[in-house]
Amino acid sequence: MTTSLSLADARRIALAAQGFGARHPTRVGAAQLRRTVDRLGLFQIDSVNVLTRAHYLPAFSRLGTYDRALLERDAWGPKSARRLFEYWAHEASLLPMSLHPLLRWRMAKAERGETGYVALRRFATERRAEADAVLARIVTDGPLAAADFENGSSRSGWWEWSHTKHALEYLFWAGRITTATRRGSFARLYDLTNRVIPADVLALPSPSETDAQRMLIERSARALGVATAADLRDYFRLKPAESDPAIASLVEEGVLKSVKVEGWSQKAWLHRDAVQARRIRGAALLAPFDPLVWERGRTERLFGFRYRIEIYVPQPLRTHGYYVLPFLLDEALVARVDLKADRQAGVLRAHRVTLEQNAPTDTCERLTLELERMAKWLGLEGVDVGQIVMSA
């Protein structure tokens, strides 16, 4: 039986599932950080550093000030300390080690050349010898970046990857190598998977492809609270043929319940453990790649907030700015803030703040508190707010 949810209830369910509404802890330790990444399932990685790299922001949005070294240790610390690994999930991501077995089917498909873009798939067949040669050098020399190989760095941008970089990415997709650490301008150093991932993780049994996809959809549903089928498969970038049987299985098991959300044309699914909070209170600046907003259609359905990132839009054509973070206030997205960490001047610059028409009267006051909190977290001495405008 399909039950109905008001849009307001759906928003509260989604926010609670994503970890919003709780008071920030007085002190954030490794345990709180790990619970957050486990709740979300992943932190999406992005190398843009105009503010801070995107994978640091979701924990700050939910927990407040924390030591970024805790995340770095879990992601790129000694093998014995590793709690996270890098892989393609929702784009390039940091994931809890518990998800490694659930993505081995994707690695196996990449190994066979059945997934990935064309240049990658060729290394599974006609260019396999080149991939094997790259792998052999890593076996001998240890962790290496693309630039450590002859002609390893791209000529003038990420869209002109060298053959070596393609070979490395094929081996990465196939699970033969993974990220040992990052260096310099966030360049990935690749090493053999068994020299990076703890042995007890590699020893975990690999579920069947069908079971793994069902478990990934369950993780998506738990992280989203209430979601359409498209939302569920987007979380770990599954295809309809992979996600639809998983959803049907979870419905049969009673894990997912069919719901009709007010104003949504698509059927939605509610996780049986979703919390239906009576209200959500709090404030947070959200990374462009935060899982609450990364699926732009869902963001619009939930919040009536049309959001697009404009990094790749020429400056004269931008509407809201270069690196714009939505501002969540209680249960609504009420502003967009174009932010830059001016490290040389020691200032967090909000070049432009665009208020939504429904922004409460205390929005600027509460936003200022969040900006001051963020500046302190980033080691900056103050905040400079430029233009404040109302959205059209």
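1. The lining of the largest cavity comprises 6 nonpolar, 4 polar and 1 charged residues (Ala, Val, Leu, Ile, Met, Phe, Trp, Tyr, Cys and Pro count as nonpolar, Asp, Glu, Lys and Arg as charged, and the others, Gly among them, as polar). A cavity is a set of points on a 1 Å grid over the protein atoms alone where a 1.4 Å probe fits but cannot get out, and lining residues have an atom within 4 Å of a point. Among the lining residues are Phe85, Glu86, Tyr87, His100 and Met107. Strand E3 gives the largest share, 3 residues.

2. The model is predicted: local features need pLDDT of at least 70, side-chain atom pairs count only at pLDDT 80 or more, and totals for chains, interfaces and linings use all residues. Residues are numbered from 1 along each chain as its sequence is written, and side-chain values use heavy atoms, with hydrogens and water left out.

3. The second largest cavity is lined by residues including Leu224, Asp231, Trp294 and Arg298. Its lining divides into 4 nonpolar, no polar and 4 charged residues.

4. Helices H7 (residues 128-141) and H8 (residues 163-173) pack at about 80°, their axes 9 Å apart. H7 is therefore roughly perpendicular to H8 (65 to 115 degrees). In this contact (heavy atoms within 4.5 Å), Arg128, Ala131, Val134, Leu135 and Ile138 of H7 meet Thr164, Ala167, Leu168, Tyr170 and Leu171 of H8. Here 8 residues are nonpolar, 1 polar and 1 charged.

Conventions: Axes are lines fitted to C-alpha atoms, for helices over the stretch in contact, and angles run from 0 to 180 degrees between N-to-C directions. Helices (H or I, at least four residues) and strands (E, at least two) are DSSP runs, numbered from the N terminus. Angles under 35 degrees count as roughly parallel, over 145 as roughly antiparallel, 65 to 115 as roughly perpendicular and the rest as oblique. On a 1 Å grid over the protein atoms alone, a cavity is a set of points where a 1.4 Å probe fits but cannot get out, and a pocket is an open set with protein on both sides within 12 Å along at least five of seven lines; lining residues have an atom within 4 Å of a point.
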